[in-house]
Amino acid sequence: MFLAVIAFTISSFRHYIMFNHQNFVEEDNEDDDETSSSHILNKIRSIVTYICTYLWAISFILLIFLLYASIRGPFNIINSFNTATMFFNTLTPKFYVALTGTSSLISGLILIFEWWYFKRYGTSFIEQVSINHLTPILNGTESNNSSLTNNDISSLSLPLSSTMNGLNSGHNGNNNVNNCILSNGTDSTIPVTGTNECKVWKNPCALFRGAEYQRLIQYNGKEPLTFHDMNLSAQEHQTFFTCDLDEGKPEYEMMQRAWRERTPSIRIQLARDALEKNSEFTPALILLAEEEATTIIEVERLLKQALKCAENAYRKSQQLLEQGRIQDIVHKRNTNILIYVKRRLGMCARKLGKLREATKIFRDLVKEFPMMSVFNIHENLIEVLLALQNYPDVQGVLAKYDDISLPKSATICYTAALLKARAVASTFSPDVASKRGLTAAEMSAVEAIHRAVEFNPHVPKYLLEMKSLILPPEHILKRGDSEAIAYAFFHLPHWRRVEGALNLLHCTWEGTFRMIPYPLEKGHLFHPYPTCTEVADRELLPAFHDVSVFPKKELPFFILFTAGLCSGTAMLALLTHQYPEIAAYIARLFLTWFSVPIQYLTDKIESILPSNLYQQLAKI
């Protein structure tokens, strides 16, 4: 029988090779140019797969035969099993207590580690190992593909700080990166993660550290900004407020030290020392306005002083643009500083209630620097226009920036939903709508809300005050919890001002999730929801804030399994300790039941095959 199987395998393999050889010849005759090394390799792989299929069948047959021979042959497994059964019957209850107690302890340790790993990285360690290492081996995938998958997966959970080390080196060494950064304006859109899905953006409405963030520290002693968030701001200032020609100048060297310093008092002192070297040094005035000034009025005074210095430097560099590339780099640096100062002055005017002055500043920035539209200056303009209740102008700004070719944001999507909700929210009633159906205007408003919620599902909980707000960070992650906090912090009063808008949002926002049951795999109006937002938001938001996670992650199977195993073995250990005789009787009964099917199978095999088969094969 065994020889017949081998002969059939060889014959089938020979016919398969002849068939593939004919295919090779026919394909070569049809088109000799299409024959390549990759095509031959694919054919070889298919041949190997064909062989392995028969080898697995042969191996399975041999395994069954060896198992039977081992049971009835010289290994005498049945007698050994009977001996083991007698041994377990002689064990005392203390052995079972120790066995179950040790099993409970080991499974408990595994459960603790799995829970810690899930809380830290959002996935099960056992599942991660099986997906990354065991699955490629079992599926026979190539090592290159598996290593690429591991890199892709690990890049989603890498801390953001690990990718920021290259920015300073790019500032001095790589001219292409430097020119690109300088031309981008004051708000960085450089991705700081290993994946294109998670880009960290400058918060267009970031607060002032000394005048606003410092108040929270004085009130409850909690730090509103993470070190990573402040480090991103410091590196942006080093990138945008300096250029290669500034190396060696004492005031710029002092500011480089100030931006790298972690202690606020030392940063402020270094900025003062830089001003003593150069009284018109704008970056030092900006740092003092951001961190030393304790009121918005003081911030405005310092920024107006910085604006004069920035405008003088901008005009001088603009006159020297035709002298070559070096002056162009200086002019870009001065442009960055000028836009930053003007924008922060506009925010001061907004906070002091001078809304029309703030509107003029932001409009002038958008008109004077139209290429800076992607850096979200228009979001400041939208917020000020909403404060003025100038809804037609808000609609005009949205018509310009809510374009498919431009990056979206929570401000764009939710403001569009607010304007459509404003037309129907005052008369909207869920009971009436359920009876007569939605009108065209109501349907348009609901669709706009669904679109906004799909883009950032964290915002409604803050707008509906289902979750407490905190001070927004200096950087935000699009579609993440940090962006939701930044939006709701400034735009919640605008939603409250529109009668019925929050009620309409409350009645309709959860319907978005029924349209997208699997947001990580498929989106409706936008790309699938990024999987890396939680990791990025945890580095941007303070530790005392409970980060909003979407979608809610279910506990992995192995955590539930180890929890059940730990609880079950602990219960067995307790019962064995309290009732030793009953536990020993149950264990012996279980072993007896376990041996019954094995004995039944061996009897059936013995009745089918002769008892001396092993000796006959040994003689052959």
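## Around helix H21

In this predicted model, the buried residues of helix H21 are covered by elements that include helix H19 (410-422), helix H20 (430-436), helix H22 (459-463), H23, helix H24 (501-508) and helix H25 (511-515). Helix H21 itself runs over residues 440-455, and its 16 residues reach 23 Å from the first C-alpha to the last, which is close to the 22 Å expected at 1.5 Å a residue.

The buried residues in H21 are Glu-442, Ala-445, Val-446, Ala-448, Ile-449, His-450, Arg-451, Ala-452, Val-453, Glu-454 and Phe-455.

## His-494 in helix H23

One of the helices that cover H21 is H23, which spans residues 481-497 and holds His-494. His-494 counts as buried because its relative accessibility is 2%, where the cut-off for buried is under 20%.

## Leu-419 in helix H19

Helix H19 is also part of the cover over H21, and Leu-419 has its place in H19. With a relative accessibility of 12%, Leu-419 counts as buried.

Leaving aside neighbours within four places in sequence, Leu-419 is in contact with Tyr-391, Val-394, Gln-395 and Leu-398. Of these, Gln-395 lies 24 residues away from Leu-419 in sequence, while the distance in space between the two, C-alpha to C-alpha, is 7.7 Å.

In soluble globular proteins, nonpolar side chains tend to be buried together. Here the largest nonpolar core has 105 residues, and those with the most contacts inside it are Met-255, Val-299, Phe-362, Tyr-414, Leu-463, Trp-495 and Leu-505. Another core, of seven residues, lies apart from it and includes Cys-198, Leu-477, Cys-532 and Leu-540.

Tyr-414, not counting residues up to four places away in sequence, touches Ala-452, Val-453, Asn-456, Val-459, Pro-460, Leu-463, Tyr-487 and Trp-495.

## Helices H11 and H12

The axes of helix H11 (residues 250-260) and helix H12 (residues 264-277) come within 9 Å and cross at roughly 170 degrees, which means that H11 is roughly antiparallel to H12. The residues that meet are Glu-251, Met-254, Met-255, Arg-257 and Ala-258 in H11 and Arg-267, Leu-270, Ala-271, Asp-273, Ala-274 and Lys-277 in H12.

Conventions:
Residues are numbered from 1 along each chain as its sequence is written. This is a predicted model: local features need pLDDT of at least 70, side-chain atom pairs count only at pLDDT 80 or more; totals for chains, interfaces and linings use all residues. Side-chain values use heavy atoms; hydrogens and water are left out. Helices (H or I, at least four residues) and strands (E, at least two) are DSSP runs, numbered from the N terminus. Buried means under 20% relative accessible area, exposed over 50%, partly exposed in between (1.4 Å probe, protein chains only). The expected span of a helix is 1.5 Å times one less than its number of residues. Contact means heavy atoms within 4.5 Å. A nonpolar core is a set of buried Ala, Val, Leu, Ile, Met, Phe, Trp, Tyr and Cys residues joined through side-chain atoms within 4.5 Å. Axes are lines fitted to C-alpha atoms, for helices over the stretch in contact, and angles run from 0 to 180 degrees between N-to-C directions. Angles under 35 degrees count as roughly parallel, over 145 as roughly antiparallel, 65 to 115 as roughly perpendicular and the rest as oblique.
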